[in-house]
Amino acid sequence: MAYYRPPGPPADPILVRDLTRQQDELRTQVRLQPIPREPQLIAGCDSSFPTPETVLSVFVVLRFPTLEIVEKVYHTSPVTLPYIPGLLAFREAPNLLLAYDKLQHKPDIIMVDGHGIAHPRRMGIAAHLGVLLDVPTFGVAKQRLTGTYQEPAVTKGSITPLTERNGELLGEVIRSKDKVNPLFVSPGHRCDQPTATRLTLACLRGYKLPEPTRLADHWAEEFKKELW
């Protein structure tokens, strides 16, 4: 997930306080649980900021477990919030919802390019989006946002826990390809860690990123060529 980080003064503290309160309220709605059945459709989604004023969100729906593409959509909107660390979901979620609304094939679970509960306030974009849609979600991120971990072994499929200082499990660190930097996988909403890890591994096809988010990122680049 590509973030535009504009220079400038700090965000309005009243805005930060209001968004933090909203985030805390959303967090009370998060449910971590196994999915009731194996998904037939899995989606990947990604948001990026191709210009300082524009957010682009993409959903790609795949059949599971074959991972053939069923549908792909995008939506663009003006950026309405400044960059605020820890509250980036509020910049992305409104546009993601509009992209999701365009889908003719609604997924059983969404793999989000970003974090689930592996977030300082346990409300990364995957948890945030999952609560708003009330759909199972989990996050697959390329960088750690919070927590500590031991580097997994260099071979594909190696896994170590991502934990808080008190031992709370925030996610798992997965080597998705031999000798490449690992991924940080965490549940978002209506999903648990074993499910998030299992589906991430099941969606690997030789690349660092699992197919749902890899293809969402790929099609984001293709849509940008059409739009700009």
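Predicted model: local features only at pLDDT ≥ 70, side-chain atom pairs only at ≥ 80, totals over all residues.
## Basis

Local features need pLDDT of at least 70 and side-chain atom pairs count only at pLDDT 80 or more, while totals for chains, interfaces and linings use all residues. Residues are numbered from 1 along each chain as its sequence is written, and side-chain values use heavy atoms, without hydrogens and water.

## Nonpolar cores

A nonpolar core is a set of buried Ala, Val, Leu, Ile, Met, Phe, Trp, Tyr and Cys residues joined through side-chain atoms within 4.5 Å; buried means under 20% relative accessible area, with a 1.4 Å probe and protein chains only. The largest core has 24 residues, and Ile-42, Val-58, Ile-109, Phe-138 and Val-185 have the most contacts inside it. Elements giving two or more residues to this core include β2 (54–63), β8 (183–189) and α5 (211–227); helices (H or I, at least four residues) and strands (E, at least two) are DSSP runs numbered from the N terminus. Another core, of 19 residues, lies apart from it and includes Val-73 and Tyr-100.

## Ser-176

Ser-176 sits in the loop between β7 (169–174) and β8. Its relative accessibility is 2%, so Ser-176 counts as buried. A polar atom of its side chain lies 2.5 Å from the backbone oxygen of Lys-208. Beyond neighbours within four places in sequence, residues in contact with Ser-176 (heavy atoms within 4.5 Å) include Lys-156, Leu-204 and Tyr-207.

## Annotated positions

An unreviewed UniProt entry lists Asp-46 and Asp-113 under "binding site"; such annotations may be inferred rather than shown by experiment. They are spread over 68 residues of sequence, yet the largest C-alpha distance is 5.3 Å. Asp-46 lies in strand β1 (residues 41–51) and is buried at 2% relative accessibility. Asp-113, in strand β4, is buried with a relative accessible area of 3%.

Notes. Buried < 20%, exposed > 50% of the residue type's maximum accessible area, 1.4 Å probe, protein only. Polar contact = N/O pair within 3.5 Å; in protein donor to acceptor, adjacent residues only side chain to side chain.
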